[in-house]
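Student: I have a model open and want to go through it with you. Can we start with how far to trust it, then look at some side chains?

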Amino acid sequence: MTKNKLLKYACLGAIIGMLGTGCKKLIDDAYTNPNADVEQPIETLLPNLISNLVNSYTANGTNYGTVVDNYYTGRYIQYWCANANGNQYDKMGGATGSSDIMGNLWAAHYYGMGQNLNKVVEWGIEQKKWDYVGVAYALRAWGWLSLTDQYGEVVLKEAFNTSQDQFDYDSQADVYDTARAVAFRALTYLNMTGDSVSATNLAKGDAYLYNGDVNKWKKFVYGVLARSYNHLSNKSTYQPDSVIKYADLAMSSNEDNAIYRVANASTSATKNYFGPFRANIGSLVQGEYIANLESGNNTVFPVADPRAYYLIRENFNGTFKGIRPNYGATGSTGLDTADLPRNYWGGQYSSSKSLNPRYLYADDSPWPVMTATEMQFMKAEAAYRKGDKATALTAYTNAISLSMDMMLDYPTNIPVGKEMTATAKATYMANASVVPTSAANLTLTHIMLQKYIAMYCFGVNEVWVDMRRFHYTDLDPVTGAQVYAGWTPLSAADLYLNNNQKLVYRCRPRYNSEYLYNIPALTALGALELDYHTKECWFSQQ
């Protein structure tokens, strides 16, 4: 404060003799604005931008990204629950009061990436580093689509306008159109060669995702496009051929997967958010639904899944059980103490101690962002809806196979004899309840439940989109049974009070921006209503 005052007085004195020109220079020199036109090497900016796909830990923003929000939204789809009963988010409640909970993706898009991404585009064009420009637009396309799927209407046309203090919201339809337009712009630049394009130089800024491989970035963009068409399955304008086209152009093998890697050095910033060092998920335990799917206690898949020892945890009796949402480990679960699931690090349900974390729950675990298995499941669903069940069955089978092969990348701490092997994989997939022997017997339930399993933990955003498309409990028009077979919604009594007995469909915008200054726009949107989080998003409506 004292320094500010001194500069203020120095400026006032200088105005007399220099007509104000020196004052501005004095302030600019003393307080360089990181968002102003002070050119920085874009190679040093890109790593921070990419980290926002998962979890940032930088000067541009800490914990921006998807995984912190997934800690809460994963409860909406019953992936996991709190180990104590009565949790607000287990009850499908939204953020309340002055909380920024579930606002981290908002922060990632507008702040963590935000103007910094714009600068990569601007300076990348000036320097003719077309590959950097293409990657920046790829991230922006991902951001627009992910943002609107989580929050519904968002600020689009007036975004990043530094001359405004308040901003109007735009429709999801417009945001979807923009996400696609930006994706195609990304492809234009990623296809450009010559000038200052260099895989070696791109790898400097892309060391933790694709290591400078432009072809894989193109597949990432095609994946965003496939998602954008797949999400609109309830619309009369739904285009299954577009889903299939872009899924085919996207990741086709696990070598293509977008996997965000961490350095796992001595500091928290370099470690996986779900790992024991950062100790963020010690209070979470697996839900009953996923445990039933993995243990063979589901009517559609009455067979034990060898992925169980990777995705979830066995209890002290050596079986797989889960917790019912809102009841916690001590509530009315009907489980004996020894049947209560261990936490994700292998400790007791009530403990955050690290024993032997597996899969995505270790400090050094690489984090999937977008995978070939997801693309194949989208293709399977689109082909099924199109009426091409043969193609659907092939894609569905490929998707499960890719998911099982992915487990091989996470071999640590798997019990002896429970590792994923060719025999274990073949036995599971040979079961006709898992992979029907005839394409005529394939159902949407097969596709959506196996996708739910395959994307466990890392794919919360996409699975929540899926479940909202099916309004959680929609029936399969062919079988007449619930698509998500065995998934039980919370009763009216168990839902959070603010829900007014309705299920959750969106997150509210980030409090520490919108609810502090953008009240007129929020009022017009209806976002001040306590049950705003239950308002259905455009993408899932007919």
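Tutor: First a term: pLDDT is the predictor's confidence in each residue, from 0 to 100. This is a predicted model, and its mean pLDDT is 91. Of its residues, 92% reach 70 or more.

Student: Where does pLDDT stay under 50?

Tutor: Over residues 1-36. The model has 16 contacts beyond four places in sequence for that stretch. Where pLDDT is low, the predicted coordinates should not be read in detail.

Student: OK, on to rings. How many aromatic pairs are there?

Tutor: The structure holds 37 of them. One to look at is W80 with F274: the ring centres are 5.8 Å apart. Their planes lie at 65 degrees.

Student: Why is that pair called edge-to-face?

Tutor: Because the cut-off for edge-to-face is over 60 degrees, and the planes of W80 and F274 are at 65 degrees.

Student: And where do W80 and F274 sit in the chain?

Tutor: W80 belongs to strand β3, residues 80-82. F274 is in the loop between β4 (258-260) and β5 (284-286).

Student: Are they buried or exposed?

Tutor: Both W80 and F274 are buried.

Student: What about charges over rings? Which ring does R185 sit over?

Tutor: The charged end of R185 is over the ring of Y137, 5.2 Å from the ring centre. There is also R324, whose charged end sits over the ring of Y327 at 4.2 Å from its centre.

Student: Switching to backbone. What is the phi of K128?

Tutor: It is positive, about 60 degrees, although K128 is not a glycine. K128 lies in the loop between α5 (104-126) and α6 (130-151). Its relative accessible area is 41%, so K128 is partly exposed.

Student: And Q501, what about its phi?

Tutor: Phi of Q501 is near 70 degrees, again a positive value in a residue other than glycine. Q501 is in the loop between α17 (460-469) and α18 (511-517). With a relative accessibility of 62%, Q501 counts as exposed.

Student: Last one, E374. Buried or exposed?

Tutor: Buried, because its relative accessibility is 0% and the cut-off for buried is under 20%. E374 is part of helix α13, residues 372-386.

Student: What is E374 in contact with, leaving aside its neighbours within four places in sequence?

Tutor: With R227, K451, M455 and E462.

Key. Residues numbered from 1 in each chain as written. Predicted model: local features only at pLDDT ≥ 70, side-chain atom pairs only at ≥ 80, totals over all residues. Heavy atoms only, no water. Phe/Tyr/Trp six-rings, centres within 6.5 Å; stacked < 30°, edge-to-face > 60°. Helix = DSSP H or I, 4+ residues; strand = E, 2+ residues; numbered from the N terminus. Buried < 20%, exposed > 50% of the residue type's maximum accessible area, 1.4 Å probe, protein only. Lys NZ or Arg CZ within 6 Å of the ring centre and 35° of its normal. Contact = heavy atoms within 4.5 Å.
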